[in-house]
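Trainee: I would like to learn how to read a protein model feature by feature, with the general idea set out before each case. Could we begin with charged pairs?

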Amino acid sequence: MFGKKEIIGKIETIIAEGVEVKGDITSKSTVRIDGVISGHILKAMGVIVGKTGKVYGDLCCESAVIGGEILGKVIISKTIELLSTARVIGDIETQTLSIQDGAVFEGKCSMSGKDNGVCNSSFNPTASGLG
C-alpha cells in the first residue's frame, strides 16, 4: 500500500480502527495503527500509521510511514515518510525524511545523515515532556 514494504518489514501487530490502546508498546516487528494509541511506542522495527490512526505519545522505531496523526516526539533511526494525509505535531529526528504534498508537520526536524540507532534502552519519552 505504501510502497515501502522492504523498509517497513512484515506487519505482525495491528491496532484496528475503532480500537484504543492506553499504555506503551514495544515490538520486535512492524506495528500498523489504524486505531488510537494513548502512550508511547518505545521500540519497533517499523510503524505504519494509517489515515484513521492516531498516536498521542512519542514514537521511536527504525522506519515509519505516517498517514494519520501523531502528537509527540518522533525518533526514527532510518527513514520516515509523511503521506499527504499525515499530521505530525512534534519534533522529528531521523536519517531520511520524505513529505508528500498536503502533509502537515509542525515542529523541528533534525537529520543526522546516518543511522542514529536511538531506539534503545536509553530512550526516555518523558524527556519530551509528554511522558
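Mentor: A salt bridge is counted when a side-chain nitrogen of Lys or Arg lies within 4 Å of a carboxyl oxygen of Asp or Glu. Before we use it, note that this is a predicted model, in which local features need pLDDT of at least 70 and side-chain atom pairs count only at pLDDT 80 or more, while totals for chains, interfaces and linings use all residues. Residues are numbered from 1 along each chain as its sequence is written, and side-chain values use heavy atoms, with hydrogens and water left out.

Trainee: How many salt bridges does the structure hold, and which residue forms one with R87?

Mentor: The structure holds 4 salt bridges. In one of them R87 pairs with E69, and the closest N and O atoms are 3.3 Å apart. R87 lies in strand β12 (residues 87-89) and E69 in strand β10, so the pair ties together parts that are 18 residues apart in sequence. Strands here are DSSP runs of E with at least two residues, and helices are runs of H or I with at least four residues, both numbered from the N terminus.

Trainee: Are R87 and E69 buried or exposed?

Mentor: The general idea is that buried means under 20% relative accessible area, exposed means over 50%, and partly exposed is what falls in between, computed with a 1.4 Å probe and protein chains only. R87 is partly exposed, with a relative accessible area of 35%, whereas E69 counts as buried because its relative accessibility is 14%.

Trainee: Where do the other salt-bridge residues E93 and K73 sit?

Mentor: The side chains of E93 and K73 meet at 3.0 Å, N to O. This pair links distant parts of the chain, with E93 in strand β13 (residues 92-94) and K73 in the loop between β10 and β11, 20 residues apart. E93 is partly exposed at 24% relative accessible area, and K73 is partly exposed at 26%. Another salt bridge joins the side chains of D34 and R32 at 2.8 Å, N to O; D34 counts as buried at 15% relative accessibility, and R32 is buried with a relative accessible area of 15%.

Trainee: Which residues touch the most other members of the largest nonpolar core?

Mentor: In soluble globular proteins, nonpolar side chains tend to be buried together. A nonpolar core is a set of buried Ala, Val, Leu, Ile, Met, Phe, Trp, Tyr and Cys residues joined through side-chain atoms within 4.5 Å. The largest such core has 23 residues, of which I33, V47, L59 and I66 touch the most other members. β4 (30-33), β7 (46-49), β9 and β11 (74-82) each supply at least two residues of this core.

Trainee: What is I33 in contact with?

Mentor: Contact means heavy atoms within 4.5 Å. Leaving aside neighbours within four places in sequence, the contacts of I33 include I15, I41, V47 and V55.

Trainee: Where does L82 lie, and what is L82 in contact with?

Mentor: L82 lies in strand β11 and is buried, with a relative accessible area of 0%. With neighbours within four places in sequence set aside, L82 is in contact with residues including I66, V88, I92, L97 and F105. The C-alpha atoms of L82 and G67 are separated by 6.4 Å, although these residues are 15 apart along the chain.

Trainee: Where is the place of G68?

Mentor: G68 is in the loop between β9 (59-66) and β10 (69-71), and at 3% relative accessibility G68 counts as buried. Not counting residues up to four places away in sequence, G68 touches V49, G50, K51, G53, T85, A86 and R87. Across the chain, buried residues make up 44% of the 131 residues.
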